Each structure stands twice: as C-alpha cells, then as structure tokens.
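Open the structure in your viewer and keep the selection tool at hand. The stops below say what to select next and what is there.

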Amino acid sequence: MAAIEPGKIRNVAVVGHRGTGKTSLVEALLFQTGEVNRLGSIEAGTTVSDSDEDEQKRQLSISLSLTHTSWQGRKLNLVDCPGDPSFQGEARCALRVVEGALVVVSGVMGFEVGTARVKKLAEDLGLARVLVVNMLDRERADFFRTLGQIQEQFSSKCVAVHIPIGAEHELEGIVDVLHMCAYMSPGGEKESDPVAIPDSMAELAQEYREKLLDEVVQIDEALMERYLEGEEPDEHDVGAALKLGVTRGEIFPVGCSVATKNLGTHAL
C-alpha cells in the first residue's frame, strides 16, 4: 500500500450510549465507501467491528475495534467503541488517540447518560465533535425532539445539517441542508446520487438551512458581512467555515441516519 500523507488521515472514535447503532453505522460507512461489498448486521453477526464470538453472541461490542476506509482522498481510521458502562474504559482509550469523535444518538431514546459521559471526555480532550441521530425509522423516533435535547444538554452550538423526510416507519430519506439536496432510502443497498428536495420539504429545508447559516457565518467575519448584506453564501465557503468551526470546537453538526438501511451515510 502506498504511503499516505499524515495530513490526509482522519482518526475518528465512534462513541455514544449503548444500543445507539454505532457498530451498524461503522458498517454502513465501510459499505458505502466500498471497503466491504455487503452490509453486515448485528443480528446475523456479520459486522466487521464485532468479530469476536462473544460480541456476536451478546449482540454488543465488548472491546474497541479499528477499521479503516478511504473517502474523497482521505484515509479514515474509525474506532468503534463499546457503549456499555462495563466497558467504558475502551472509549477512554480511543478518545486519547484520535482527533475527532462521532457521537451517535438514538432517535428513540434521545440524549442518554452514556452520551453525556463521552461528551465530557471529548470536551476535556479538546476533540472535534460531530453528532448523528440514528434509528430514525423506529417507532417513537423523533429527530426534532432529539435535536432539541442535544442542543439543551450537549451544546447550544449544535446545528442540524440534515433533516428527515418522513418519520418512523414512513421515513423516506433525508435532506442535506448544507448542499440543499436529498438522499432517498436505499433499503440497505448503496446510496445513489443526491436528488432534488421534495416540494413538500422545501419550506422546512430552507428554514433549517437558514439556522445552519446563522451559526456557520459567525466563524468567518468576511462571510458574515456578505451574509448580512443579503448575499447568498457560496456552498464551498460555507463548507470551509463549517470545517473550521468543527475543528475549533465552536460548532457541532448534527446529521441523520438509519445505519441498518445505509441511509444518510453518504451525506455523513
């Protein structure tokens, strides 16, 4: 394998409360990026991360596992961490050797004690943090309720970069409000190219795009000046400011996913 420039390597710990779908999300990321050719499942014991026989039997992660893939010219080292309190030492170890944390939150249970624990650990270590609300196709799942909890208990600087199309069993896809496009549910296959935002979602998508811009422009003074003057910010400028804000710990993007169906993986 050819050597990779250190600046093109991203080390990310996937953390969160027990049962939020961290291992399934790592599996979906590996599948979408072409690192594996089929989407494994916890129930079948076929995920890359949970390779241990005890993990497959219990259907939960016991120890951290390192996986890797490539995406858009970057190598991603993904450290899947157990969420069970009995194995929280594994997450502590992982968070000390990464630059960023992907915090997975259940769309059903919302902000739980394990989420609060990893939030403090990542905060103390000065890590960049991105959140994703998973399991949005489950009964009683509610992205907007969970987003409100995250903003109240994680940080007021948490801002949605995706919103769901539909809810619970009628979830059809997600809207990426950063790039103003939509991804429809692939049903466990690879996600296809983005499509136009459904007319029924246009108004809500615009509302959440404005909320995103209101936060992102505060990262870059020049961008803020143009925005306040009524100029529509360039997508690349917004992306660059968002990246800078995440790196500095000044803003925390919140995405959507249904990992078991590989929905939201491309946008994430």
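**Stop one: a charged patch**

Select E139, E168, E170 and E172, which form a negative surface patch. The model is a predicted one. E139 counts as exposed because its relative accessibility is 55%, and the cut-off for exposed is over 50%.

**Stop two: aromatic rings**

Four aromatic pairs turn up in a search of the whole structure. For one of them, select F111 and F154, an edge-to-face pair with 6.5 Å from centre to centre and 70 degrees between the planes. The pair links distant parts of the chain, 43 residues apart: F111 belongs to the loop between β4 (100-106) and α4 (113-124), and F154 to the loop between α5 and β6 (158-160). Are F111 and F154 buried or exposed? Both are buried.

Show F111, F154 and F252 together to see one aromatic cluster.

**Stop three: salt bridges**

Side chains of opposite charge can pair when their charged atoms come close. The count of salt bridges here is ten.

Go to helix α4 and select K119 and E123, which lie four residues apart, about one turn of the helix. They form a salt bridge whose closest N and O atoms are 3.8 Å apart. K119 is buried, with a relative accessible area of 17%, whereas E123 is partly exposed at 40%.

Move to helix α6 (residues 202-216), where K211 and E207 are also four residues apart, about one turn of the helix. In their salt bridge the closest N and O atoms are 3.4 Å apart. K211 is partly exposed at 38% relative accessibility, and E207 is partly exposed at 37%.

Next, select R209 and E232, a salt bridge with its closest N and O atoms 3.2 Å apart. This pair links distant parts of the chain, from R209 in helix α6 to E232 in the loop between α7 (221-228) and α8 (235-248), 23 residues apart. R209 counts as buried at 7% relative accessibility, while E232 is exposed at 53%.

Key:
Residues are numbered from 1 along each chain as its sequence is written. This is a predicted model: local features need pLDDT of at least 70, side-chain atom pairs count only at pLDDT 80 or more; totals for chains, interfaces and linings use all residues. Side-chain values use heavy atoms; hydrogens and water are left out. Patches are made of residues with over 30% relative accessible area and no salt bridge: like charges are joined within 9 Å, nonpolar side chains (Val, Leu, Ile, Met, Phe, Trp, Tyr) within 5 Å. Accessible areas come from the Shrake-Rupley method with a 1.4 Å probe; for residues, only the protein chains shown count as cover. A salt bridge is a side-chain nitrogen of Lys or Arg within 4 Å of a carboxyl oxygen of Asp or Glu. Lys and Arg count as positive and Asp and Glu as negative; His and the chain ends are not counted. The place of a charge is taken as NZ of Lys, CZ of Arg, CG of Asp or CD of Glu. Buried means under 20% relative accessible area, exposed over 50%, partly exposed in between (1.4 Å probe, protein chains only). Rings of Phe, Tyr and Trp (its six-membered ring) pair if their centres lie within 6.5 Å; planes under 30 degrees apart count as stacked, over 60 as edge-to-face and the rest as tilted. Helices (H or I, at least four residues) and strands (E, at least two) are DSSP runs, numbered from the N terminus.
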